Amino acid sequence: MKQKFLAVAASVLALTAMVTGCGTGAASNTAATNGSNATNSAGTSNGTGTTNGKTIKIGLVTDTGGLNDNGFNHLAYVGMTNAQHQLNGVSTSVVQSQSESDYVPNLSHFAQNGYNLVIAVGYLMEDAVKQVAKEYPKTDFLIIDDNITGIPNVASAIFQSEQAGYLAGVVAGLVQKNHQLKGLNTKNVVGVIGGQDIPPVDTYIAGFQQGFKKEDPNGKVLLQYTNSFSDEALGSQYAQNEISQGADIIFPVAGGCGIGAINAAQSAKVYAIGVDTNQAYLAPGTVITSATKGVDTAVFDTIKAVQNGTFKGGVSTFNLANNGVGIAPLMKGVPQSVQTTVNQIKQQIISGQIKVSTTVQR
Amino acid sequence: MIFSDPEIWAATLSMAVPLALPAIGGTFSERTGVVNIAMEGIMLIGAFFAVTFSYWTGSAWLGLLAALICGGLTAAALAWGAIRVSADQTVLGMGINIFAAGLTTFLLNTLFGFNGTPINTPKLPDISIPGLDKIPYIGVIFQNQSILVYIMVVLVIISHWFLFHTRLGLRMRSVGEHPLAADTLGINVWRIRYFGVILSGLFSALGGAYLSIGVLNGFTPNMTNGRGYIALAAMIFGKWTPLGSFGAALIFGFSTALGIVLQGQGISSNLLQMIPYALTILALAGLVGRAVAPAADGIPYDPRRS
């Protein structure tokens, strides 16, 4: 019996190792590099700002959510693909991380192979990026949702998602308080589902709570964490739990896991608010709006900077003022007055009249 | 008191299905003497083809059928390797898991693209049995559960009866305990083993289909999230019996449900997250007493050489 367990344990380890291996092996799947002598040296003298941009290689490492997360990993991919199509001489490649232990090998893989820019999607890759960036000072890195400072070859894109969350909260508060959507109950409860108790998730949630409370001070916000960004069935279960407690607007901030929550909201004929990207297509008639962040823009701009030789390390902040975060168009059926209020509050946030805190109320 | 809330039991039941089905499947396979750790992979195959055919044909039931066929075929490949070729069964099973994870992700992105499977994919119906839903408390537990929940309950009972109260069940167990003795009595060891392994494939695929077209109506890569391995633990925890596997699956399902409900009481989610895994370790550390595997489990049998 013991032997069997050892065997199973060993194979699980082997699986992890092999999947990592596979992941790295699959790196060359997209857009093969054009020109084998594309390596730098000559590249630097190639002038800047020409329409025929310098040839650069971009590597994207997703976190465990993967490209199918309908969220920020996918958005980063969209940004990179846009760059590939719109800028000349950009070739791209993707590796999806299967587990957190893949981060360092995946990042190193691109750096080793002479990629000019390596994009790390996600706060959870912070330590991996710090480590690998120091080992490969000639490679540029971009990390999404994090603020690494003091390493010249690392740029960080940080999103003030609390502002987007705030607007989403305002929408939820308004329709909840005035029962402005068909089928809302009278319990005045909304449910938030976080993937993990970490800053990029919590900023959204904090903003949502404040925005909701502003419009609907007597309403209640449920908050639960799934501790998964990928388990859809689990996300669905959490949503069902919140719905059973009376929540009829669900706001999941949990990557792929949240997709299950939206699915559950749709089945239970209640409403949901999407996250990261406009997720209305996942459940038309269920998703009222989405709190969005422009990961695609951040990625595109950074690629452009690398190509033009203007890449700079340090933190860039994306917020409502520079359209780096925002809110998706409201669902049909939501009164125009809600949109008007949202627009007003957006201006108040931009002007600094409303300050949105990043602390989650528990 | 949270335990008096029927919601927790409803969640327990719903989270137990994708563990109980593959665990019972594994029981059938291992009872005939073939170690099956490929449940995770076969679940993924089942989940993926359930969605694909459900979308293509417009009928969730045909999707379910396709899941069973594909799961059965995958299990048949495992069976052929384990029985005919006498390959190492643990390695084979792991190979299938890796293959399935890669194949389903590749097919998903090739057929449907990164935005996932179409949202109008039909799913299996959620039903409330008339009469049952009138009973207070119990009614809430069974309210709007997927039809596969009921099918699972029926399958648990049938499986137990089949394995312990029918002639074929007895033969399966004998082949797993002492194949040579069974062979001398005229039982075709290979055929019984093929039967057991393929049966396990059908159960695992059903578990996968529950996730993709029972709870949800879409497929995402690795959507089983290690449930096939937890099912392996449930099978051992349940001492290689269908009823035991079901009981173990309920305990694992309950720990997940408990995690969900307790969070509403303000307990840290990080602590609650470990409950299912802590339970798994306790289970495997022998909390339930010695779990004895079938004697010939994992040992290939070659009638020509004996």
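Predicted model: local features only at pLDDT ≥ 70, side-chain atom pairs only at ≥ 80, totals over all residues.
**Entry 1**

Six strands of chain A form an open sheet of mixed pairing, in the order β7-β6-β8-β9-β10-β12. At the edges stand β7 (220-225) and β12 (325-327) of chain A, each with a single partner strand, so one side of each is left without a neighbour in the sheet. From one strand to the next, the twist averages 15 degrees.

Next I followed β6 of chain A, residues 189-194, to its partners. With β7(A), strand β6 pairs in the parallel sense over six bridges. Here A:Gly191 has A:Leu222 in β7(A) as its bridge partner. With β8(A), strand β6(A) pairs in the parallel sense over five bridges. In that case A:Val189 has A:Ala247 in β8(A) as its bridge partner.

I also asked how many residues of β8(A) are buried. The count is seven of its seven residues, and the strand is mostly covered. Helix α6 of chain A, residues 199-215, lies across β6, β7, β8 (247-253), β9 (271-276) and β10 (287-293) of chain A. The helix runs at about 170 degrees to β6(A).

**Entry 1: chain A as a whole**

I recorded ten helices and twelve strands in the secondary structure of chain A. The chain has 362 residues, and buried residues make up 56% of them. Among contacts between residues at least 6 apart in sequence, 71% join residues at least 24 apart.

The domain assignment gives two parts in chain A: domain 1 (49-159 + 295-318) and domain 2 (161-292 + 332-351). Their centres, taken over C-alpha atoms, are separated by 29 Å. I counted eleven residues of domain 1 of chain A in contact with 14 residues of domain 2 of chain A. On the domain 1 side, the touching residues are four nonpolar, five polar and two charged.

I also consulted the unreviewed UniProt entry, which annotates residues 60-357 of chain A as "domain: ABC transporter substrate-binding protein PnrA-like". In the model this span is 42% helix and 22% strand, and its end C-alpha atoms lie 31 Å apart.

**Entry 2: the annotated spans of chain B**

For chain B, the unreviewed UniProt entry gives the annotation "transmembrane region" to several spans, including 37-56 and 240-262. I looked at these two in the model. Residues 37-56 of chain B are 90% helix and 0% strand, with end C-alpha atoms 30 Å apart. Residues 240-262 of chain B are 91% helix and 0% strand, with end C-alpha atoms 31 Å apart.

**Entry 3: where the chains meet**

How many residues of chain B are in contact with chain A? I found 33 residues of chain B in contact with 34 residues of chain A. In chain B, α1 (6-31), α4 (89-111), α9 (189-215), α11 (242-263) and α12 (269-273) each supply at least two residues of the touching side. Helix α4(B) gives the most, with six residues. By class, the chain B side divides into 17 nonpolar, 15 polar and one charged.

The C-alpha atoms of B:Thr104 and B:Phe48 are separated by 6.3 Å, although the two residues are 56 residues apart along the chain.

Finally I examined helix α10 of chain B, residues 227-237. Ten of its eleven residues are buried, so α10(B) is largely enclosed by the rest of the structure. The buried residues include B:Arg227, B:Gly228 and B:Phe237. Just after α10(B), I noted that B:Lys239 takes a positive phi of about 55 degrees.

Technical notes
Residues numbered from 1 in each chain as written. Chains lettered and ligands numbered in written order. Domains from an automatic or database assignment. Contact = placed C-beta atoms within 7 Å. Nonpolar A, V, L, I, M, F, W, Y, C, P; charged D, E, K, R; others polar. UniProt positions renumbered as here; feature names shortened; annotations may be inferred. Helix = DSSP H or I, 4+ residues; strand = E, 2+ residues; numbered from the N terminus. Buried ≥ 20, exposed ≤ 12 C-beta atoms within 10 Å, placed from the backbone. Pairing = 2+ DSSP bridges. Axes fitted to C-alpha atoms, helices over the stretch in contact; angles between N-to-C directions.
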